[in-house]
Amino acid sequence: MFEIRVICDPTDTDHVVAALDRTFTVGTVTVWPSRDRKRHRLYARAEHRSEPESWPTPEHAYALAPSIISEIGWTTRTVAGAACFTELEREFYLRKAALLDRIALLDEPDEPCSDAEESALAAATYLLDIDQAHPDFTVPDHAAMHPRGYVRQQYAAWHQHEQRSDHVTPDCF
């Protein structure tokens with residue numbers, strides 16, 4: 001266990017507390033005004049968050065993925081071919097979440113809270129919700145804290161399975 005002290009602008013308090021919560025196992029965060037009364041002092045006791053499983057890197061998860069343009073085409077064709085209000089297969093939501101994650105990765109260094117990142121997080125959370133509601137899926141407890149990491153894990157597993165399925169040779173003589 002360790003203690004954290006942060007001094008920040010009052011408008012940043014909620015963002016800092018949320019970031020601490022995502023990064024560490026944090027107890028109650030106490031907020032006090034700074035001596036000059038212009039900033040907030042945040043105090044918290046925390047522990048390193050243990051993650052029983054690490055998520056694949058984007059490079060590993062998307063190493064053999066089709067191009068972004070190809071995936072945009074696939075998702076567009078899939079939606080265009082479906083009737084309105086049709087619930088699509090899990091593959092669609094997985095590939096869409098992976099596509100949006102890949103697009104957000106292109107933006108992230110320049111804009112940490114871009115529209116692309118928000119869209120990727122929303123699609124990842126939707127896939128996570130689908131999988132948690134499905135009786136055949138076992139979703140790791142810590143997946144809710146890393147929805148985009150969960151997408152990468154699931155995409156890598158799905159893509160590996162698809163590769164094996166594509167390379168089955170028929171019995172020919």
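**Exercise 1. How many aromatic pairs does the count come to?**

Solution. The structure is a predicted model, in which local features need pLDDT of at least 70, side-chain atom pairs count only at pLDDT 80 or more, and totals for chains, interfaces and linings use all residues. Residues are numbered from 1 along each chain as its sequence is written, and side-chain values use heavy atoms, with hydrogens and water left out.

Step 1: apply the rule. Rings of Phe, Tyr and Trp (its six-membered ring) pair if their centres lie within 6.5 Å; planes under 30 degrees apart are stacked, over 60 edge-to-face, and the rest tilted.
Step 2: count. The total is 7 aromatic pairs.
Step 3: take one example. W55 and Y150 are edge-to-face, with 6.4 Å between centres and 90° between planes.
Step 4: W55 is in the loop between β4 (40–48) and α2 (58–61), and Y150 is in helix α6 (residues 147–166), so the pair ties together parts 95 residues apart in sequence. Helices (H or I, at least four residues) and strands (E, at least two) are DSSP runs, numbered from the N terminus.

**Exercise 2. Are W55 and Y150 buried or exposed?**

Solution. Step 1: set the cut-offs. Buried means under 20% relative accessible area, exposed over 50%, and partly exposed in between (1.4 Å probe, protein chains only).
Step 1: compare. W55 has 15% and is buried; Y150, at 0%, is buried as well.

**Exercise 3. Which residue lies over the face of W74?**

Solution. Step 1: state the test. NZ of Lys or CZ of Arg must be within 6 Å of the ring centre and within 35 degrees of the ring normal.
Step 1: apply it. R95 lies over W74, at 3.7 Å from the ring centre. R102 lies over the face of Y62, at 5.7 Å.
Step 2: look at the ring neighbours. W74 belongs to a cluster with F92, Y93 and Y126, linked by ring pairs.

**Exercise 4. What span should helix α5 have, and which of its residues are buried?**

Solution. Step 1: calculate. The expected span is 1.5 Å times one less than the number of residues. For the 19 residues of α5 (residues 115–133) this gives 27 Å, which agrees with the 27 Å between the end C-alpha atoms.
Step 1: list the buried residues. They are A116, A120, A123, A124, L127, L128 and D131.
Step 2: The face turned away from the buried side carries exposed D115, E118 and A133.
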